[in-house]
Amino acid sequence: MHIDTLNRIAELAIQASRENVLAEHTPALVLDNRIVTIEHLMEGRSRFRGTFTTTVLSEYVSYLKANPGGVGFIDPKKCAASTFINLGDKKTPGHADWVAKLDLEPTAAYAALRGVEGVPQSQRALAEWIEDWASVITAEKDGEAMPLAQATAAIRNISIDAKKSVTSEDRDFGATKSALEEIEARAKGGMPSRLILRACPYPGFREREFQLRTAIITGDKPHITLRIVGKEAQAEDIATEFKALLLEHVGDAATMTLGNFQP
């Protein structure tokens, strides 16, 4: 093929490629009837975007104050929040792809409480759990203080008593017979009626008392369950404190609203 012809083909190819380039803020071109971005070929991005994630309230607040003007949404039940820094508004909407997210991590004591609450525990497992957290746990028996060592010993030494009674009735035209089995769990020195754990649910929150009611599940091997007294009220109180702390510390750095938002 003649050299002039080759040069002409090259010129036409370059011209066609230029015509396919879209004159937009983010560089892109039309290729096979598809819009393809070529931003990755540039020295830098056409705009800033990304996701910042943290479990620390103070770090979340610091990031929002360093990048003010965002629109945030609070999920108090999950103690979580997200702020879209480039969400924009109805007149000038943004891409909403620059986000700061907060998902609080519970303190060690509160996490341990949530891990054991409502889950049947063996005598040994519960006794060891109490010993591990003895610095923040107290015990009560029928409303009176009970030494924690005595409470632990009682949990380790539970005995199961089974009583069975049979009633029989013989009549002219029939007979009835019933059996009743009564199972009772006893602990030497008496079981603690409740345990009280003192802990801050999340860093920066005020300390609370979580009262745990004990119950024995009888069987071949007894198990003990702990149930938080007023669990729903406690959860609501924690959610309210989270909302108040977040609004107080964020201030004017972002507009915060209760709820969730999916752009």
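Student: How much space lies in the second largest pocket?

Tutor: Keep in mind that we're looking at a predicted model. Rolling a probe the size of a water molecule over the atoms shows where empty space is left. For the second largest pocket, that space comes to about 250 Å³.

Student: Which element gives the largest share of the lining of the second largest pocket?

Tutor: There are 15 lining residues here, and Tyr 110, Arg 114, Lys 231, Ala 235 and Ile 238 lie nearest the centre. Two elements, helix 3 (108-116) and helix 6 (231-250), each supply at least two residues of that lining. The largest share is five residues, and it comes from helix 6.

Student: What about the largest pocket: which strand gives the largest share of its lining?

Tutor: This pocket has a volume of about 300 Å³. Strand 5 (70-75), strand 6 (80-84) and strand 7 (98-103) are the elements that give two or more residues to its lining. The largest share is four residues, and the strand behind it is strand 6.

Student: And how many residues of the lining of the largest pocket are nonpolar?

Tutor: The lining has 17 residues, with Ser 82, Phe 84, Lys 101, Asn 260 and Phe 261 nearest the centre. Four of the lining residues are polar and three are charged. The nonpolar ones number ten.

Student: Is Cys 79 buried or exposed?

Tutor: Find Cys 79 in the loop between strand 5 and strand 6. Its phi is near 50 degrees, a positive value in a residue other than glycine. Buried means under 20% relative accessible area. Cys 79 has 2% relative accessibility, so it counts as buried.

Student: Asp 142 has a positive phi too, so is Asp 142 buried or exposed?

Tutor: Asp 142 sits in the loop between strand 9 (137-141) and strand 10 (144-146). The cut-off for exposed is over 50%. At 65% relative accessibility, Asp 142 counts as exposed.

Student: Which residues does Gly 259 touch, leaving out those up to four places away in sequence?

Tutor: Gly 259 is in the segment after strand 16 (254-258), and at 25% relative accessibility it counts as partly exposed. The residues touched are Phe 73, Ile 74 and Asp 75.

Student: Why are the buried residues of helix 5 on the same side?

Tutor: The buried ones in helix 5 (residues 148-156) are Leu 148, Ala 151, Thr 152, Ala 154 and Ile 155. They're on the same side because of the arc they cover around the axis, only 160 degrees. As background, an α-helix has 3.6 residues a turn, so residues three or four places apart point the same way.

Student: Last one: what share of the protein chain's residues count as buried?

Tutor: Step back to the whole chain, which has six helices and 16 strands. Its accessible surface comes to about 17,000 Å², and 52% of that belongs to carbon and sulfur atoms. Of its 263 residues, the share that counts as buried is 32%.

Technical notes:
Residues numbered from 1 in each chain as written. Predicted model: local features only at pLDDT ≥ 70, side-chain atom pairs only at ≥ 80, totals over all residues. Heavy atoms only, no water. Buried < 20%, exposed > 50% of the residue type's maximum accessible area, 1.4 Å probe, protein only. Arc of directions from axis to C-beta. Areas by Shrake-Rupley, 256 points an atom, 1.4 Å probe, with all protein chains shown as cover. 1 Å grid on protein atoms, 1.4 Å probe; cavity = no way out; pocket = protein on both sides within 12 Å on 5 of 7 lines; lining within 4 Å. Points joined across faces, edges and corners; volume = space filled by probe spheres on them. Nonpolar A, V, L, I, M, F, W, Y, C, P; charged D, E, K, R; others polar. Contact = heavy atoms within 4.5 Å.
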